[in-house]
Amino acid sequence: MVETRKVQVTGGSTYTVSIPKDWATENGVSAGTEVEFYPEGDSLFLTPVSEEGRTEGTLDVGDLEGDQLTRAVMTMYVSGFDIIALEAARITNDQRRTIRDSVQSLVGLEVLEETRDRVVIRDLLDSSELSIHNAVTRMRLIAVSMLEDAIDALATSDEDMALDVIHRDDDVDRLYMVVSRIFRATLRTPKAAEDIGLSREVCFDYHSSARQLERVADHATKIAHLTHELLDDEAIVDAGEAATDGGDATLPDELIEALQTLDEDAREVVDRAMEALFAEDSAEATRLANEARGAVLGVDQRAREIDELLRELDPARAQLLGLIVDSVSRSADYGGNIAETALQKAAPTP
């Protein structure tokens, strides 16, 4: 419920205002308590001075296994706990392995203590020293390079490159968890936003864009998996045709070139959108974002043209390649979403 107060003047020059008693009681504020003020635009946030120390959280994992346990550890991490205690009447060996794998998949965590009924995890990083800008920048570089390498793996029949793309998806996921952790910290306290030097609105824009980059990486991974499946199928077809008439099951050069051009255009959308997001000048950001949004239509048109080329292939391969075309096209769409975020970031503040 909103409460209003009148600003008063004391001592002739000092402005004072009372604070709601219920809020003060709930937050341990009384006479002599120090509070902190954080100005943000036309708003002023007040919070009790927080005691230095690491936040601790405890979770009962007795009924959690596999993916549920992994998700629980990730949730505690993203929520901002520095020390995470996982407890159960007895923690099984399978649970311990899952916990260790979860720790390895997150940035800055280590297992601090293990007993029969308890595993304690500690975050080694100081959240105030993490850079959400650097994390998103790194996500951009990895996701875009994954998309490029996934198509190159298909074009050159390079299964090792496709496998490397799949492995790099873990790096993007780790960075996205870092971005989410920082963003949620800024929602809890204005001090977190002050520590990283960005407003909460900008942190929200970065977090939204990071989600789109994570999806681009997911589609690059999907392309790599489809490439592996295509290459396996072609090896079988090649062997059969070689035994009969010496036929060839490789993809037509025209199709490969079209896919590479489509991939290049999609990556350009993502790159242009990210440049708009990071641009400090509003006019420049708006120009870049609109260019990225306009380029999405070109990607969609080129994808439809490739679909026509796929009609000339056998149905099984055409279906797999159609999924690849769809993933590249969707990656451009995600770039368009980032461009929309950049436009909102560049717009005047009400």
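Which residue forms a salt bridge with Arg272, and how far apart are the closest N and O atoms? The legends below start there. This is a predicted model, where local features need pLDDT of at least 70, side-chain atom pairs count only at pLDDT 80 or more, and totals for chains, interfaces and linings use all residues. Residues are numbered from 1 along each chain as its sequence is written, and side-chain values use heavy atoms, with hydrogens and water left out.

**View 1. Glu291 and Arg272 form a salt bridge.** The partner of Arg272 is Glu291, with the closest N and O atoms 2.3 Å apart. The pair links distant parts of the chain, 19 residues apart: Glu291 sits in helix H9 (residues 282-310) and Arg272 in helix H8 (residues 253-278). A salt bridge here is a side-chain nitrogen of Lys or Arg within 4 Å of a carboxyl oxygen of Asp or Glu. Helices are DSSP runs (H or I, at least four residues), numbered from the N terminus. Glu291 counts as partly exposed because its relative accessibility is 32%. Arg272 is also partly exposed, at 23%. (Buried means under 20% relative accessible area, exposed over 50%, partly exposed in between; 1.4 Å probe, protein chains only.)

**View 2. Arg287 pairs with Glu284 within helix H9.** Their side chains meet in a salt bridge at 2.7 Å, N to O. The two residues lie 3 residues apart, about one turn of the helix. Arg287 is partly exposed, with a relative accessible area of 40%. Glu284 is partly exposed at 32%.

**View 3. A network of salt bridges takes in both pairs above.** Its linked residues are Arg140, Glu268, Asp271, Arg272, Glu275, Glu284, Arg287 and Glu291. By the same rule, the model has 26 salt bridges.

**View 4. Arg311 forms a salt bridge with Glu308.** The closest N and O atoms are 3.3 Å apart. Arg311 is exposed because its relative accessible area is 66%. Glu308, at 46%, is partly exposed.

**View 5. Glu159, Asp160, Glu229 and Asp232 form a negative surface patch.** Helix H5 (159-188) and helix H7 (200-244) each supply at least two of the patch residues. Patch residues have over 30% relative accessible area and no salt bridge, and like charges are joined within 9 Å. Asp and Glu count as negative. Each charge is placed at CG of Asp or CD of Glu. Accessible areas come from the Shrake-Rupley method with a 1.4 Å probe. Glu159 lies in helix H5. Glu159 is partly exposed, at 34% relative accessibility.

Terms used. Patch = residues over 30% accessible without salt bridge, like charges linked within 9 Å, V, L, I, M, F, W, Y side chains within 5 Å.
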